[in-house]
Structure formats: C-alpha cells, structure tokens
Amino acid sequence: MLTPVEDGPAIVVCNTCRFSAEVREDGQGRRGGALLVEALSACRDAEPRYAGIAIQQMPCLFACNEHCAVHLRAPGKVGYVLGRFTPDADAAQAILDYAVHYAASEHGRVPFGQWPQGVKGHFIVRVPPAGQLVEG
C-alpha cells in the first residue's frame, strides 16, 4: 500500500485529479493531475533552481472537491495541500517557485510577500508535521 520515496522537499501530485471543476479529462482523455505532473517535471528539469524539489505522484489525495491538487511537504515542516490549478506551465512554475521558498524556510512558513501570484487562492489545508502542532 505504501511506496518508499526520498524524504526531502517534494510536491506530491494527485495524478488522477480532474482536469477542471467541470471536466474530468481533456480532449485526449487525459486527467488534469497527469498533465500537471508532466508540466511540473518539465519545468523543474528546465530550471536548475528547482533541482532540489522532488516531483512525486500518487493516485488520489482525497481532495476530490477540488481539481489538480498537490501536497507540498518536507521533513519537520508544515505541509500544504493546494488545488484548483490549470494543469499548465504557468501553474507549474508558480508551484515550483513557492516550493523553493518553502524548502528554504525553517518551518515551512513562507512570508506572504514571497508567494507567487499563481498560488494565491489555491491553498486548501495545512498539515502539521508528525509530533508537532502549528502555533498561531
């Protein structure tokens, strides 16, 4: 049921997510989550500053009321689930830009002024790291 992966800063993508709120798949029958995995991987591979961020995928993050959901996580840091993305290069770049700030942060908190415009309004939930709670 569980697959071991590298335990570092990662964007876990729901590869079965809907394409949009209204449509399950694109015109070629591909899910939005699968397209977002491709966009994130291509963006990360094209830009050296994203090299430390893993792109991981799994079926269903159980954020089914949203579409194109991702979980941003790193050891000892608050995790975040974001969604409602268009599965394209612009969304991928915004997610990766945020992930770079997140990876560099001490506890996973990124000052709002450093948030790329493309992630604002996309946060669904924050998840405390195991054995800890978030203050204030």
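Start by selecting Val127. This residue is partly exposed, with a relative accessible area of 34%. Val127 sits in strand β5, which covers residues 123–127. Keep in mind that you are looking at a predicted model.

Together with Val127, they make a nonpolar patch on the surface. The three share about 190 Å² of accessible area.

**Stop 1: strand β1**

Select residues 10–14, which make up strand β1. Are these residues mostly covered or mostly open? Mostly covered: five of the five are buried.

Look along the strand and follow the side chains. In a regular strand, side chains alternate between the two faces of the sheet. Here Ala10, Val12 and Cys14 point one way. Ile11 and Val13 point the other way. Both sets are buried.

Next, show strand β2, residues 54–58. Which way does β2 run beside β1? The two pair in the parallel sense, over five bridges. Pick Ile11 in the viewer, then find its bridge partner in β2, which is Ile55. To get from β1 to β2, trace the chain through helix α1, residues 32–46. This β-α-β crossover is right-handed.

Now show strand β3, residues 70–73. β1 and β3 run antiparallel, and four bridges join them. Select Ala10 to see one example: its bridge partner in β3 is Arg73.

**Stop 2: the aromatic rings**

Turn to the rings of the model. How many aromatic pairs are there? The count comes to seven.

Select Tyr80 and Phe123. A ring pair is described by the distance of the centres and the angle of the planes. For Tyr80 and Phe123, the centres are 5.6 Å apart and the planes stand at 90°. That pair is edge-to-face.

Why does this pair tie together separate parts of the chain? Tyr80 lies in strand β4 (residues 79–82) and Phe123 in strand β5, so the pair joins parts that are 43 residues apart in sequence. Check the cover on each ring's residue. Tyr80 is buried, at a relative accessible area of 9%. Phe123 is partly exposed, at 22%.

Move on to Phe112 and Trp115. Their ring centres are 4.9 Å apart and their planes meet at 55°, so this pair is tilted. Phe112 is exposed, with a relative accessible area of 52%. Trp115 counts as partly exposed, at 22% relative accessibility.

Now widen the selection to Tyr80, Tyr98, Tyr102, Phe112, Trp115 and Phe123. Ring pairs link these residues into a cluster.

**Stop 3: Gln117**

Select Gln117, in the loop between α2 and β5. Is Gln117 buried or exposed? Exposed, with a relative accessible area of 62%. Then pick Tyr98 again. Gln117 and Tyr98 are 19 residues apart in sequence. In space, they are 9.6 Å apart, C-alpha to C-alpha.

**Stop 4: salt bridges**

Side chains of opposite charge can pair when their charged atoms come close. How many salt bridges does the structure hold? Six.

Begin with Glu25 and Arg31. Their side chains meet in a salt bridge, at 3.9 Å from N to O. Glu25 is partly exposed, with a relative accessible area of 34%. Arg31 is also partly exposed, at 21%.

Next, select Glu38 and Arg30. They form a salt bridge, and the closest N and O atoms are 2.4 Å apart. Glu38 counts as partly exposed at 46% relative accessibility. Arg30 counts as partly exposed at 30%.

Finish with Asp97 and Arg49. Their salt bridge is 3.1 Å, N to O. Where do the two residues lie? Asp97 is in helix α2, residues 89–104. Arg49 is in the loop between α1 and β2. The pair links distant parts of the chain, 48 residues apart.

What is the cover on these two residues? Asp97 is buried, with a relative accessible area of 18%. Arg49 is partly exposed, at 46%.

Glu47, Arg49 and Asp97 are linked in a network of salt bridges.

Methods: Residues numbered from 1 in each chain as written. Predicted model: local features only at pLDDT ≥ 70, side-chain atom pairs only at ≥ 80, totals over all residues. Heavy atoms only, no water. Patch = residues over 30% accessible without salt bridge, like charges linked within 9 Å, V, L, I, M, F, W, Y side chains within 5 Å. Areas by Shrake-Rupley, 256 points an atom, 1.4 Å probe, with all protein chains shown as cover. Salt bridge = Lys/Arg side-chain N within 4 Å of Asp/Glu carboxyl O. Buried < 20%, exposed > 50% of the residue type's maximum accessible area, 1.4 Å probe, protein only. Pairing = 2+ DSSP bridges. Right-handed = clockwise from strand over helix to strand, strands pointing away. Phe/Tyr/Trp six-rings, centres within 6.5 Å; stacked < 30°, edge-to-face > 60°.
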